[in-house]
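Here are my notes on the charged pairs and one of the sheets. Please read them with the model open.

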Amino acid sequence: VQIPFVANEGQIAENSVKFYARTFGGTVYVTDDGQIVYAFPKFDFQNTEHRTSIGTCIVREELIGTRQSFPSLRGVGQSVTRVNWFKGNDAARWKTNLRSYEWVCFGEVYEGIEFGLRAYGHNVEKIFTVKPGADPGQIRVRLEGVERVEVTPDEELELTTALGKVRF
């Protein structure tokens, strides 16, 4: 199931957030400085009637050695999904008919390499488009909020966080 990225039109107080997607595994935020921030909740499943949140783990991901700003950051492929945001009692702060997109494009982040994100179910797919002659060795990623990083036998990236393991 594809999950749309919603444009932040003031419904999220953090002004640096430009887009977000609420996946089945947590929420992913894209900031104006090119960071990807994952908020992974952990639930207590001991109570079979109600699942209770027992914490949230924040993992920050950023590409190293890219441009300092991302003027080309934009939503691509406007989704048919529209989002309404009704939080609190102040109707003046409610947002309706928010735009959503199939994916977020960061533009050319390295010489000859464009970068984008799509969200599906529990996963966020990173898409690097490498033009002929461009060096994919430029692509480097920094992760914050993790205790350990491993590659599984299935070639998935497994992060050990304070709340448990997360696989990409």
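1. Arginine 142. This residue has a relative accessible area of 38% and is partly exposed. The class covers what lies between buried (under 20% relative accessible area) and exposed (over 50%), with a 1.4 Å probe and protein chains only.

2. Basis. The model is predicted: local features need pLDDT of at least 70, side-chain atom pairs count only at pLDDT 80 or more, and totals for chains, interfaces and linings use all residues. Numbering starts from 1 along each chain as its sequence is written, and side-chain values use heavy atoms, with hydrogens and water left out.

3. The partner of arginine 142. Its side chain meets that of glutamate 62 in a salt bridge, at 3.2 Å from N to O. The term needs a side-chain nitrogen of Lys or Arg within 4 Å of a carboxyl oxygen of Asp or Glu. The pair links distant parts of the chain, 80 residues apart: glutamate 62 sits in strand β6 (residues 52-63) and arginine 142 in strand β13 (residues 141-144). Strands here are DSSP runs (E, at least two residues), numbered from the N terminus. Glutamate 62 is partly exposed too, at 23% relative accessibility.

4. Total. The structure holds eight salt bridges.

5. Glutamate 158. Is this residue buried or exposed? It counts as buried, because its relative accessibility is 11%. Glutamate 158 forms a salt bridge with arginine 167, with the closest N and O atoms 2.9 Å apart. Shared partners join Glu156, Glu158, Lys165 and Arg167 into one network of salt bridges. Within it, the side chains of lysine 165 and glutamate 158 meet at 3.5 Å, N to O.

6. Lysine 165 counts as exposed, at 56% relative accessibility. Arginine 167 counts as partly exposed, at 41%.

7. The sheet. Which order do the three strands of the open sheet follow? The order is β14-β15-β16, with antiparallel pairing. Two strands pair if DSSP finds at least two bridges between them. β14 (148-151) and β16 (164-167) are the edge strands, each pairing on one side only. From one strand to the next, the twist averages 25°. Such angles run from 0 to 180 degrees between N-to-C directions, with axes as lines fitted to C-alpha atoms.

8. Strand β15 (residues 157-161) and β16 run antiparallel and are joined by four bridges. Leucine 159 has valine 166 in β16 as its bridge partner.
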